Amino acid sequence: MKELVFMEHDGAIDDLLSQILLLSMPDKELIGINITPADCFLEPAVESSYKILELFGRTDIPIGCSDYYGVNAFPNEWRARPEVINALPMMINLPKGPDPYTAPHTVDLLIGSLQSASRPVSILMTGPCSNLVMALEKAPSIQQKISKVIWMGGAFRCQGNVQNFQHDGTAEWNVYWDPMRAAKLLTYELPLIFIPLDVTNQVPVKKSFLSELARQAEYPISNLAGQCWALTIDTIPTYHYVYFMWDILATSYLDIPEAFQLEDIRLRIGTRPPNAGQTYLADDGHAAQMAVKVDVDHFYEYLLERLRR
Ligand code: AGV
Ligand code: CA
């Protein structure tokens with residue numbers, strides 16, 4: 001029986017690539033997608049997400065739209081970036097899809113999807129965790145329908161990637177966007193697996209990988225993915241940041257968990273300056289798991305194979 005998956009994403013280029021990867025997995029059943037305007041603007045992100053569903057013939061999958069804005073906004077330069085995807089040749093002429101303002105609300109879609117699922121669901125979060133926490137607050141019984149939560153988020157034994165006023169650089173952005181809700185998430189003690197910067201730092205977007213991918217561009221999905229990744233090479237500001245396989249790595253955990261080394265941890269999350277959103281290990285903290293290592297070659301090989309469909 002296929003594993004049921006609900007995806008929470010925030011419309012950045014690697015979120016969209018993650019949606020492509022997830023739709024390419026033969027034994028996963030994607031039951032819903034929530035989009036939060038965190039590392040994106042809502043309207044173009046909904047358009048991209050819907051167009052990807054069209055390419056896979058899966059417009060039956062519902063999309064939820066959030067009207068919630070986190071405590072610490074992403075830089076607008078990053079949020080504006082993914083719109084370019086809608087202008088790519090494979091995307092531009094596809095029907096635009098639903099109006100984000102009449103689409104179901106994220107919290108309601110998540111609650112409804114879990115309640116009506118025939119068996120427990122894995123939740124993949126490649127953006128902030130706010131919708132999940134708000135859903136658990138509103139309908140606590142959905143907890144029984146969650147088999148695991150995989151979250152691209154956190155930075156434990158490495159530097160964070162937030163550089164902002166009132167911040168010491170210890171946090172990762174997905175956690176920092178809504179630190180209070182992240183701290184609240186821990187209190188539910190769900191089976192929660194962090195895919196933090198500690199492990200995503202091991203998998204940058206490499207030109208050698210893109211070169212391999214281009215050699216299989218006769219597969220339309222490889223072609224599209226190659227074009228999306230090419231757009232991450234000039235990441236802003238390019239002299240400072242490398243684009244990593246952040247969300248893609250978290251997504252691949254669903255399919256190749258054997259490539260990951262997990263560690264049982266106890267942690268807390270900072271909620272105010274100077275370390276808002278910092279995920280830190282603490283013996284008296286809440287239980288969770290974090291990925292500490294990935295078989296890097298296996299991961300890139302796996303991506304090439306999945307995108308050959
Ligand atoms: O912190 C990583 C998260 C991932 O979910 N995002 C990007 C991924 O979708 C925020 C982020 C960190 N650095 C970035 C980010 C950058 N240089 N450009 C865009 N987003
Ligand atoms: Ca993301």
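I number residues from 1 along each chain as its sequence is written, with chains lettered from A and ligands numbered from 1 in the order in which they are written. Since the model is predicted, local features need pLDDT of at least 70 and side-chain atom pairs count only at pLDDT 80 or more, while totals for chains, interfaces and linings use all residues; side-chain values use heavy atoms, with hydrogens and water left out.

**Entry 1: salt bridges.** I searched the whole structure and found 15 salt bridges (a side-chain nitrogen of Lys or Arg within 4 Å of a carboxyl oxygen of Asp or Glu). Side chains of opposite charge can pair when their charged atoms come close.

I looked up Lys 51 and found a salt bridge to Glu 47, with the closest N and O atoms 3.0 Å apart. The two residues are 4 apart in helix H2 (residues 42-55), which means that about one helical turn separates them. Helices here are DSSP runs of H or I with at least four residues, strands are runs of E with at least two, and both are numbered from the N terminus. Are Lys 51 and Glu 47 buried or exposed? Lys 51 is buried, at a relative accessible area of 1%, and Glu 47 also counts as buried, at 14%. I use buried for under 20% relative accessible area, exposed for over 50% and partly exposed for in between (1.4 Å probe, protein chains only).

Next I took Arg 58 and Asp 60, whose side chains meet in a salt bridge at 3.0 Å, N to O. Arg 58 is partly exposed at 23%, and Asp 60 is exposed at 54%. I then noted that Arg 58 and Asp 60 belong to a salt-bridge network with Lys 2 and Glu 29.

Lys 184 and Glu 137 also meet through their side chains, at 2.9 Å from N to O. Lys 184 is in helix H7 (residues 179-187) and Glu 137 in helix H5 (residues 130-138), so this pair ties together parts that are 47 residues apart in sequence. Both ends are partly exposed: Lys 184 has a relative accessible area of 32% and Glu 137 one of 40%.

**Entry 2: strands.** I started from strand S6 (residues 192-195). Its Leu 192 and Phe 194 point one way, Ile 193 and Ile 195 point the other way, and all are buried. For pairing, I require that DSSP finds at least two bridges between two strands. Strand S5 (residues 146-152) runs parallel to S6 and is joined to it by 4 bridges; Val 149 stands opposite Leu 192 there. S6 also pairs in the parallel sense with strand S9 (residues 286-294), over 2 bridges. In that pairing, Ile 193 has Gln 289 of S9 as its bridge partner.

Which sense does the pairing of S7 and S9 have? Strand S7 (residues 260-269) pairs with S9 in the antiparallel sense, over 8 bridges. I noted Leu 262 opposite Ala 291 in S9.

**Entry 3: helix H11.** I checked burial along helix H11 (residues 246-253): 8 of the 8 residues are buried, so the helix is largely enclosed by the rest of the structure. Among them are Trp 246, Asp 247 and Tyr 253.

**Entry 4: loops.** The peptide bond from Pro 273 to Pro 274 is cis, with omega near 5 degrees. I placed Pro 274 in the loop between S7 and strand S8 (279-281).

Gln 166 is not a glycine, yet it has a positive phi of about 60 degrees. Gln 166 sits in the loop between S5 and helix H6 (173-176) and is exposed at 62%. Glu 189, also not a glycine, has a positive phi of about 45 degrees. Glu 189 sits in the loop between H7 and S6 and is partly exposed at 43%.

Ser 66 is in the loop between strand S3 (63-65) and helix H3 (76-80), and is buried at 2%.

**Entry 5: charged patch.** Glu 212, Asp 295, Asp 297 and Glu 301 gather in a surface patch of negative charge. Patch residues have over 30% relative accessible area and no salt bridge; like charges are joined within 9 Å, nonpolar side chains (Val, Leu, Ile, Met, Phe, Trp, Tyr) within 5 Å. Areas come from the Shrake-Rupley method with a 1.4 Å probe, and for residues only the protein chains shown count as cover. Asp and Glu count as negative, Lys and Arg as positive, and His and the chain ends are not counted. A charge is placed at NZ of Lys, CZ of Arg, CG of Asp or CD of Glu. I looked up one member: Glu 301 is in helix H12 (residues 296-306) and is partly exposed at 48%.
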